[in-house]
Amino acid sequence: MKTVSGFSKMSKEQKIEWLSEQLQGDSSALVKNLNLYWHQDQEVQKRFDEFSENTLTNYDLPFGLSPNFLINGKVYSVPMVIEESSVVAAASLGAKFWLDRGGFHAKVISTRKVGQVHFQWQGEKSKLVNFFEEARIRLLSSVESITANMEKRGGGIVGLSLVDMTDKIENYYQIKVECETCNAMGANFINSILEEMAQVFKREVMMDSRFENTEKEVHIIMCILSNYTPDCVVECSVECPIDELGTVNGLSAREFAEKFATAVRIAEVDPNRAVTHNKGIMNGIDAVVLATGNDFRAIEACAHAYAARDGQYRSLSTVSLAGDKFKFSIRIPLAVGTVGGLTSLHPLAKTSLAILENPTAPELMQVMAAVGLAQNFGAVRSLVTTGIQKGHMKLHLLNILNQLGATPEQIEEGKTHFSDKVVSFTAVRNFLTQSVHTH
Ligand code: MEV
């Protein structure tokens, strides 16, 4: 590829043309494909183009629905956006299984988020501490124009402190701002507060006569919210008498419960297993995060940091078998919003929220935690009974058949043929070649 300047200024057609000129050989199929996924409605397409930069086309993912989630007595049908086969099926099965056993019990523990002004300052520490205490009210009122609306909705700044980090990095301090952001994810809100407050703080130190000339310079390093939100956390659990688990794929209820509990404990003690275990949880959570237009990178980064909060990476879910009761729980930080950002701009994110009957952010946290738990339950249940490949391969087979251009008849024949055989790309290709010869 050649380098290019002014790419962002080109129209979409010009960008695609430029790209096709760079590629060796006939690029007409590539161009056709890029054009194929544009929205016909120009207004809609314009909106998608504006989400990001240098857009060439749109990238589709399946949007599915997982019904029957009984959470705190209310039934939800949960929209899920995910490309991986079996995820929506497993969530739906998990939801159905627990629907008959009291459903999911979810509780938001807290919804506090944090932003940090990172700065360096050289001088006598106690002077800065005293100054900060005295300047606190002024710092808060300096951002009133930003916080006023949020306060009307019941949120705003709920904590402001100076954090001494000089034992880690020379002269390094933080202003820690804790916020309640109601139904918004709150990134813009928090970042705006931080940037404004940093400037006011810098100016006030500069002008304060308590500081020597050598102490007047606050060197702002950066202002940014933290995506680590251990205080924006939700708990969710399912429970039933062990006997009510029923016979699970040939295992008695007690055998299943014990095997299941051991599998979860393995994920508590072994990071190798824990990452895969938590990946299964995130299969469900990310799908709802995506469907509702939330930030899956933030959710992922935070969930995994939280899973390692005691110094070792562990399972986000836990199981207890006390007496005759099976209880399976998850505790996970989920900083999500139901207003603002993509949630209000992406037409399908809006639709997802409508399907969920326009939940508050805490309600959405509960739904996501339930889906994560259902997903985890489904995955571990398969792992300790039939193995994961059986269910996976059924759907995977369909993907391979479609990928290889199978006709509807070949798809039906393929399903029968592979019902008792191992599915692989090569085996499916051979099957199709054979089927072409026999027809
Ligand atoms: C696959 O996407 C997810 C699983 O590996 C999760 C797990 O192992 O628990 C099945």
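Analyst: We can begin with Glu235, which at 29% relative accessibility counts as partly exposed. This is a predicted model, in which local features need pLDDT of at least 70 and side-chain atom pairs count only at pLDDT 80 or more, while totals for chains, interfaces and linings use all residues. Residues are numbered from 1 along each chain as its sequence is written, and side-chain values use heavy atoms, with hydrogens and water left out.

User: Why is Glu235 called partly exposed?

Analyst: Buried means under 20% relative accessible area and exposed means over 50%, with partly exposed in between (1.4 Å probe, protein chains only). Glu235 has 29%, so the label partly exposed applies; Arg331, at 30%, is therefore partly exposed as well.

User: What makes Arg331 and Glu235 a salt bridge?

Analyst: A salt bridge is a side-chain nitrogen of Lys or Arg within 4 Å of a carboxyl oxygen of Asp or Glu. The closest N and O atoms of Arg331 and Glu235 are 2.4 Å apart, so the pair qualifies. Arg331 lies in strand E9 (residues 325-333) and Glu235 in strand E7 (residues 232-241), 96 residues apart, where strands are DSSP runs of E with at least two residues, numbered from the N terminus.

User: How do you know that Asp295 and Arg297 form a salt bridge?

Analyst: Their closest N and O atoms are 3.4 Å apart, which is within the limit, so this pair also counts. Asp295 itself is partly exposed, at 27% relative accessibility.

Key:
Helices (H or I, at least four residues) and strands (E, at least two) are DSSP runs, numbered from the N terminus.
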